[in-house]
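Below is a short note for a colleague who wants the local features worth checking. The points are numbered so that they can be answered one by one.

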Amino acid sequence: MKKNFFSNFAKYFRLKLRFIKKFFICVIINYSSPKSISKDSNIDLLIVSPGGVATTTLINYLKLYKKVNDENDRDGYKHLNKFPFISKADLKILYIYGNYEKIYNSLKRRNIFQSQMVKLGCPLCYLLRGAVEKFFFKICIDKQITEFKEKKNVYALEFENIWENKEELKKFLEIENNDFIKNFPPKNK
C-alpha cells in the first residue's frame with residue numbers, strides 16, 4: 001500500500017515538474033532571438049508551418065527534389081515561430097498555413113497540441129484550456145503568419161490551395177522535372 005502511494009506520488013510529481021519545465025521552455029522560445037541559418041547549411045529549401053497542414057508529407061515529397069529541413073523537426077526548423085536570420089542568399093522558404101480551426105483540431109486529434117505550443121513559443125496556449133486557449137492560439141498563429149508572409153524568398157501557401165498551386169510551387173522551387181506535378185501527393189479527403 002505504501003509503495004503504491006509513493007509510486008503514484010512520484011509519478012504525479014514528475015508530471016507536474018515536466019509541465020513546469022515545458023512551460024518555461026515555451027516562454028524562453030517566445031522571447032528568444034530568431035534562429036540562424038548559416039551559409040554553410042546543407043539545405044536549400046526550408047519548409048515551415050504551425051503544424052496540422054501536411055508539412056511532413058510535403059517535406060517527404062520535396063526532399064526528392066531539394067535539400068530540405070528534417071521532417072521530424074530534429075533540426076528545429078519545421079515550426080519556427082520567428083523568421084530566421086539567414087546567411088544563405090539563395091535559401092528558399094515554403095511557409096504553409098491554414099484555417100485556425102482545422103489546425104487546432106488536427107493538433108488536438110493527434111494529441112500533439114501541447115508540444116506544438118512549446119515549439120511555437122505560445123505560453124498562454126500551453127497554460128490555458130478551452131475557449132481562452134483557442135483565442136490565444138489564433139493570436140499565436142497570426143503572429144507566425146505575419147513573421148513569414150511577404151518576406152524575400154518566401155512562398156506562403158495556404159493548405160487548402162496546395163494542390164491547385166502545384167505548378168506555381170514548381171516554378172517557385174525552380175524544379176525542371178515534370179514528374180513533380182505527376183507524382184505530387186494526393187489530397188486526403
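**Notes on local features**

1. At 79% relative accessibility, Glu150 is classed as exposed, because that value is over the 50% cut-off. Please keep in mind that this is a predicted model. Glu150 sits in the loop that runs between α6 (130-148) and β5 (154-158). Its phi is near 60°, which is a positive value in a residue other than glycine.

2. Asp73 also has a positive phi, here near 65°, and Asp73 too is a residue other than glycine. This residue belongs to the loop between α2 (55-62) and β3 (85-86). Is Asp73 buried or exposed? With a relative accessibility of 12%, Asp73 counts as buried, since the value is under 20%.

3. On the surface there is a patch of positive charge, made up of Arg14, Arg18, Lys21 and Lys22. One of these residues, Lys22, is part of helix α1, which spans residues 2-31.

4. How many aromatic pairs does a search of the whole structure find? The search returns 16. Among them is the pair of Tyr61 and Phe184, which is edge-to-face, with 5.4 Å centre to centre and 75° between the planes. This pair links distant parts of the chain: Tyr61 is in helix α2 and Phe184 in the segment after α8 (179-182), 123 residues apart. Tyr61 is buried, because its relative accessibility is 7%. Phe184 is likewise buried, because its relative accessibility is 7%.

5. A further pair is formed by Phe113 and Phe137: the ring centres are 5.5 Å apart and the planes stand at 50°, so this pair is tilted. It also connects distant parts of the chain, with Phe113 in helix α4 (residues 113-119) and Phe137 in helix α6, 24 residues apart. Phe113 counts as buried because its relative accessibility is 3%. For Phe137 the relative accessible area is 2%, so Phe137 is buried.

6. Tyr61 and Phe184 come up again in a cluster: ring pairs link them with Tyr65 and Phe180. For anyone listing these contacts, a pair of aromatic rings is described by the distance of the centres and the angle of the planes.

Terms used: Residues are numbered from 1 along each chain as its sequence is written. This is a predicted model: local features need pLDDT of at least 70, side-chain atom pairs count only at pLDDT 80 or more; totals for chains, interfaces and linings use all residues. Side-chain values use heavy atoms; hydrogens and water are left out. Patches are made of residues with over 30% relative accessible area and no salt bridge: like charges are joined within 9 Å, nonpolar side chains (Val, Leu, Ile, Met, Phe, Trp, Tyr) within 5 Å. Accessible areas come from the Shrake-Rupley method with a 1.4 Å probe; for residues, only the protein chains shown count as cover. A salt bridge is a side-chain nitrogen of Lys or Arg within 4 Å of a carboxyl oxygen of Asp or Glu. Lys and Arg count as positive and Asp and Glu as negative; His and the chain ends are not counted. The place of a charge is taken as NZ of Lys, CZ of Arg, CG of Asp or CD of Glu. Helices (H or I, at least four residues) and strands (E, at least two) are DSSP runs, numbered from the N terminus. Buried means under 20% relative accessible area, exposed over 50%, partly exposed in between (1.4 Å probe, protein chains only). Rings of Phe, Tyr and Trp (its six-membered ring) pair if their centres lie within 6.5 Å; planes under 30 degrees apart count as stacked, over 60 as edge-to-face and the rest as tilted.
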